[in-house]
Amino acid sequence: MSELLSVHKLATCFHSRRGIIRAVDEVSFSIAAGETLALVGESGSGKSVTAASILRLISAPGRIEGGEILFQGQDLLKLGTAAIRQIRGNRIAMIFQEPLSAFNPVQSIGTQIVEAIRLHRKVSRKQAFEQAVTLLERMGIPSPAQRVHEFPHRLSGGMRQRAMIAMALSCEPDLLIADEPTTALDVTTQAQILELLKELQAANGMGMLLITHDLGMVAETAHRAAVMYAGRVVEEGSIDRLFTAARHPYTAGLLASVNIEALAPGTKLPEIPGSAPSLLNPVQGCAFAERCNARHALCDKQTPPLATDTEPESFPGSRHRVACFLPARPDAIPLPVESEAA
Amino acid sequence: MSSSHFPTVLKFLRRRLWLAVPVIAGIAILNFLILQLAPGDVVDVLAGEAGAATPEYMAQLRTEFGLDRPIYVQLVFYLKSVFTLDLGFSFRQNMPVLTLILDRLPATLLLMLTAMGIALVAGLALGVISSLYVHRWADRLIAVFVLITYALPTFWLGLMAIVLFSGRLGWLPSGNMTDISADYTGLTYAWDVTRHAILPAATLATFYLAVYAKLVRTAMLESYGADFIRTARAKGATETRITLFHALRNALLPLLTMLGLQVSSILSGAVLVESVFSWPGLGRLAFESILARDLNLLLGILLFSSVVVTLINICVDAVYAFLDPRIELQH
Amino acid sequence: MYRIILEHILQNRAAIAGLLLLVAVILIAVLGSFYLPGDPWEMANAPMLWPGDDPDSPLGTDIMGRDIATGMVSGAKVSLLVGFASAFISALVGITFGALGGFYRGWVDAFLMRITELFQTVPQFVLAVVLVAVFKPSVVTAVFAIGIVSWPPTARLVRSAFLVLREREFVLAARTLGMSDPRLILTQLLPNALPPVIVISALNIATAILTEASLSFLGLGDPNVMSWGTIIGNGREQVVDAWYICGIPGIAILVVVLAFNLLGEGLNDALNPQLHKR
């Protein structure tokens with residue numbers, strides 16, 4: 001598979017009066033065309049900042065301080081402002097968590113979709129409007145010819161997110177960044193939007209970066225996932241392998257906290273003790289060490305690099321990377337599927 | 001879209017006009033109270049200083065007002081005359097008060113609307129510049145200008161403008177609305193009025209301009225942090241486009257709210273500016289009636305200017321509803 | 001709590017600048033009465049002397065030969081007196097309306113708010129002009145007229161503070177103790193609603209000084225008391241030839257109003273430290 005997007009050692013910092021916050025540090029991952037990569041992590045782990053960094057939407061006091069973002073072979077961080085604008089909304093589009101505030105409240109959704117089209121395509125206002133109606137229809141919005149004139153506050157949450165997706169897809173992007181696209185929606189609508197995104201991706205063959213903290217959604221939608229903790233990627237691999245044979249203690253803990261069905265009745269819900277560290281004054285060594293039960297003297301001295309994991313050979317062909325000096329042995333983790341088979 | 005909007009706007013205007021009736025009645029009652037509390041009886045005040053009206057007429061007025069009757073009957077009489085647009089007679093000017101006021105109203109409206117236009121445009125421009133160069137020298141310079149303008153007495157600013165622009169530089173006329181010696185028509189007349197209007201309108205606008213600049217700066221900075229601005233950036237919009245079509249468009253809403261709150265204050269300012277520049281409007285009329293102690297005329301101006309404020313406020317609300325689709329005109 | 005506020009004020013550059021300007025004006029008003037005890041209405045020198053022409057009249061004289069420096073001292077006293085007194089009346093009326101409306105809600109609130117709206121619709125300055133004209137111009141009428149036209153914003157502020165405060169635990173606790181309504185309002189709610197009223201009152205002083213000057217400028221000043229607005233009003237006919245007559249008192253008004261605005265802004269920052277941090 002050829003790489004569509006390849007992020008290499010990205011570093012984004014925020015400069016505040018109290019010091020420098022390293023929100024994203026040495027983050028690397030890649031997405032192939034037609035592939036969905038999920039960026040998973042708790043809030044504050046740096047996943048949204050990573051997404052914003054790709055389109056260079058970081059504004060002061062934030063700054064991208066290092067790394068490269070290769071999109072179709074071109075380093076987005078080296079482009080001029082006019083050139084990056086040509087990419088935004090055109091080759092790479094983005095949808096956001098809260099569709100109500102992400103739409104301009106005083107313009108109709110039609111006007112806003114038309115703007116997205118006409119920023120990148122030389123078409124008349126009338127043609128763009130017709131395109132907007134077609135797009136809304138494809139997104140499953142009923143009576144799109146009327147809805148196109150509605151203002152954002154008049155639509156339901158699900159309809160708004162559909163309209164947001166219509167706007168994002170208006171220029172047929174090669175990459176779609178979806179920043180927690182369903183968090184603000186109710187459960188039924190969440191499933192519908194997810195289904196819609198999957199269908200559209202299959203039809204357009206575009207790559208997708210899905211940012212979420214919902215592991216269920218990851219399992220359902222993504223091909224691969226990168227787990228972020230305290231601004232760094234701690235583990236990355238295919239969904240099959242990550243969900244069944246997580247190597248990083250944090251990933252393992254995260255999974256254990258959701259695999260409730262796998263627990264014997266009466267046992268306490270597992271949780272990861274402690275809380276995420278402050279990014280303001282990063283500790284030396286592994287950021288997770290404080291909360292890790294496999295802590296080791298080396299963990300306090302050095303930051304473990306994200307290295308290709310060679311250990312288990314049970315998943316041939318899938319590259320797996322983990323940032324841990326003492327990765328858990330895959331067989332040490334309770335695996336519902338396999339334990340039943342055994 | 002706007003054509004289907006139209007009947008709703010009419011309905012909205014009709015409802016708001018009905019709501020204005022109790023406000024106007026309230027102001028009339030306030031006027032009546034002032035008359036009651038004033039030294040001397042109502043007719044003394046209404047007729048102006050002694051000698052202005054004939055004793056026979058004053059006696060007739062006393063019976064007409066029913067001064068021997070209880071106060072609430074007098075109030076009803078007064079309200080009735082107000083709502084039949086009978087604001088009384090000015091003995092000093094020998095004309096009905098309403099005629100005098102309607103005569104002077106267009107000049108005041110011209111001055112007010114021009115000043116509001118200048119204040120809005122210049123305030124928006126300064127506010128946007130301030131927000132684009134936040135904490136840099138242009139922003140600081142505008143902040144100092146705003147601070148000083150807040151403390152400037154309007155009438156004094158007008159006088160100093162006369163000293164500079166009419167006296168020293170001789171660029172613009174110092175008073176009146178037209179050149180009395182010349183008899184212009186058509187375009188030359190319009191140009192003459194414009195030349196005369198520049199100083200008073202700019203003087204009146206200065207304070208509001210500063211208020212709006214400060215407000216627009218805050219609103220723009222707030223807008224820039226909004227999610228929909230990030231969406232616009234993600235779409236690939238240029239910064240100019242984001243500023244004009246997204247941030248500024250939304251910053252107009254608080255600006256309009258402020259404008260609505262200040263209509264009565266702008267009218268107050270017009271009174272002062274008119275008397276500085278001898279602009280023949282309501283303010284000048286008020287000034288003349290102060291000099292002549294023509295209290296009846298003064299009360300008429302107070303009532304009428306409140307009505308003007310109410311009407312302009314209704315217009316501002318209608319424009320607001322037009323600019324902000326989240327406000328529904330019916331409900 | 002008030003010591004912390006005081007510390008905040010002393011750390012605030014705007015507030016300090018305002019305080020210094022204010023102290024300077026008060027000093028001028030007090031010391032001036034010692035050095036220039038003359039009657040500001042009396043002809044003291046040759047008319048139309050420019051500032052510096054004659055050391056006896058350092059700020060010059062007007063068309064009637066009245067000493068401008070003496071007039072300025074008198075004007076400083078009038079401005080400060082009218083500013084403080086009318087802001088006090090405005091606060092008193094505003095607090096009463098806002099407190100009653102916010103505390104009792106219902107029809108009391110509705111009624112009081114209608115009156116407040118009424119006073120916001122009437123052009124304030126025109127109403128002040130009418131009141132002063134009807135009740136004969138004097139310092140006292142000016143104070144009352146300005147106080148009466150400027151209370152609505154205070155009333156709204158106090159009302160919204162009371163609406164929030166009346167639901168707070170300490171108020172409910174005092175209520176269950178059987179505290180009477182007036183005592184509840186005065187001892188429990190009002191002290192907590194006061195800080196923003198102090199800020200708005202500082203700004204009200206500034207507006208009151210401007211309004212007083214405007215009234216005197218229109219010839220509605222106290223005929224026995226020389227104020228800055230009166231000097232400007234008297235000098236306006238000669239303004240093009242002798243701009244100093246209008247210019248000097250105008251600058252004085254500017255400085256005093258600026259002082260109170262800075263003070264109000266500084267107080268606002270000091271009383272809202274969370275806003276200040278941003």
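Chain B and chain C meet through 38 residues from chain B and 35 residues from chain C, where contact means that C-beta atoms, placed from the backbone, lie within 7 Å. This is a predicted model, so local features need pLDDT of at least 70 and side-chain atom pairs count only at pLDDT 80 or more, while totals for chains, interfaces and linings use all residues. Residues are numbered from 1 along each chain as its sequence is written, with chains lettered from A and ligands numbered from 1 in the order in which they are written.

- On the side of chain B that touches chain C, the elements giving two or more residues are α1 (2-37), α6 (137-151), α7 (154-168), α10 (239-277), α11 (282-291) and α12 (295-323) of chain B; helices here are DSSP runs of H or I with at least four residues, strands are runs of E with at least two, and numbering starts from the N terminus.
- The largest share of that side, nine residues, belongs to α12(B).
- Sorted by class, that side of chain B holds 29 nonpolar, nine polar and no charged residues. Nonpolar covers Ala, Val, Leu, Ile, Met, Phe, Trp, Tyr, Cys and Pro, charged covers Asp, Glu, Lys and Arg, and the others, Gly among them, count as polar.

**A helix pair across B and C**
- The axes of α11(B) and α9(C) (residues 181-220) come within 10 Å and cross at roughly 60 degrees. Axes are lines fitted to C-alpha atoms, for helices over the stretch in contact, and angles run from 0 to 180 degrees between N-to-C directions.
- Phe287(B), Ile290(B) and Leu291(B) of α11(B) make this contact with Leu218(C), Gly219(C) and Leu220(C) of α9(C).
- That works out by class as five nonpolar, one polar and no charged residues.

**Where A meets B**
- Here 23 residues come from chain A and 19 residues from chain B.
- On the chain A side, α2 (81-87), α3 (99-102) and α4 (109-118) each give two or more residues.
- By class, this side of chain A has 11 nonpolar, eight polar and four charged residues.

**Chain C on its own**
- Chain C has 12 helices and zero strands.
- Its C-alpha atoms fill a box of roughly 75 × 45 × 30 Å along the principal axes.
- Of the 278 residues of chain C, 49% are buried; buried means 20 or more other C-beta atoms within 10 Å of a residue's own, exposed means 12 or fewer, and partly exposed lies in between, with C-beta atoms placed from the backbone.

**Helix α1 of chain A**
- In α1(A) (residues 47-54), eight of its eight residues are buried.
- Just after α1(A), Arg56(A) takes a positive phi of about 55 degrees.

Notes:
Contact = placed C-beta atoms within 7 Å.
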